[in-house]
Amino acid sequence: DLATSNGIPENFADCFILTQTLPFIFDVKSAVENSIKILKPGGWLLVTVPGITPISRYDMNRWGHYWSFTDLSLRLLYQSIVPKNNIEIRTYGNAKTSACFLYGLAYEELNKKDFEYNDPNYQVTITAAIQKPTFSLK
C-alpha cells in the first residue's frame, strides 16, 4: 500500500515503475514519499501520470479517482523529497491528441504525424524519471 507503506520494504528496488497509479491514491504525498523509500540509493523511479483525462467511472467507483497532474505539480511533489537535478520530467500531447483522447479515439485512428508535436499546454501524459540520491535524504 503506497499510501501507508504497509508491506513495502525500504531500500529494496533498483527500479520501481509506477504507471498511471497516483491519481487513484488520495494520500498522494505519502505515496510519493513511499515510492522513493522503496528504492535503493541510486535507484530509479519511473512514473507516468495523466494530465488531461476523462474520469473513469469504473475506477472512481472502486478505488476513487482523485487527481490529474501537470508537469509542475509532479515536479513539486517529488522535488520536496529529492533534489531537482535528480528529476527529469517530460510531457506528451497536443490539442489534437488531447481532443481525440477525450473523444475516445484509439492510437490507430490517428496518423504518426499527429504525435510528433508536443505542446506543453496540452499535457495528456506526463512522465518522470527520478533517481534516489546516494546520500541520506534526512
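The model is a predicted one, in which local features need pLDDT of at least 70 and side-chain atom pairs count only at pLDDT 80 or more, while totals for chains, interfaces and linings use all residues. Residues are numbered from 1 along each chain as its sequence is written, and side-chain values use heavy atoms, with hydrogens and water left out.

Helices (H or I, at least four residues) and strands (E, at least two) are DSSP runs numbered from the N terminus. Spanning residues 28-37, helix 1 is mostly covered, with 7 of its 10 residues buried. Here buried means under 20% relative accessible area, exposed means over 50%, and partly exposed is in between (1.4 Å probe, protein chains only). The buried set consists of V28, S30, A31, V32, N34, S35 and I36. These residues pack against strand 1 (13-19), strand 2 (39-50), helix 3 (71-79) and strand 4 (125-131), where contact means heavy atoms within 4.5 Å.

Next come the aromatic rings. Rings of Phe, Tyr and Trp (its six-membered ring) pair if their centres lie within 6.5 Å; planes under 30 degrees apart count as stacked, over 60 as edge-to-face and the rest as tilted. The structure has 4 such pairs. One of them, F26 with W67, is stacked, at 6.0 Å centre to centre and 25° between the planes. F26 sits in the loop between strand 1 and helix 1, and W67 in the loop between helix 2 (57-62) and helix 3, so this pair ties together parts 41 residues apart in sequence. F26 counts as exposed at 56% relative accessibility, whereas W67, at 31%, is partly exposed. Another pair, Y58 and W63, is edge-to-face, at 6.0 Å centre to centre and 70° between the planes. Ring pairs also link F26, Y66 and W67 into a cluster.

L46 belongs to strand 2 and is partly exposed at 34% relative accessibility.

Finally, the backbone. S5, in the segment before strand 1, has a positive phi of about 70° without being a glycine. Q20, in the loop between strand 1 and helix 1, also has a positive phi, near 50°.
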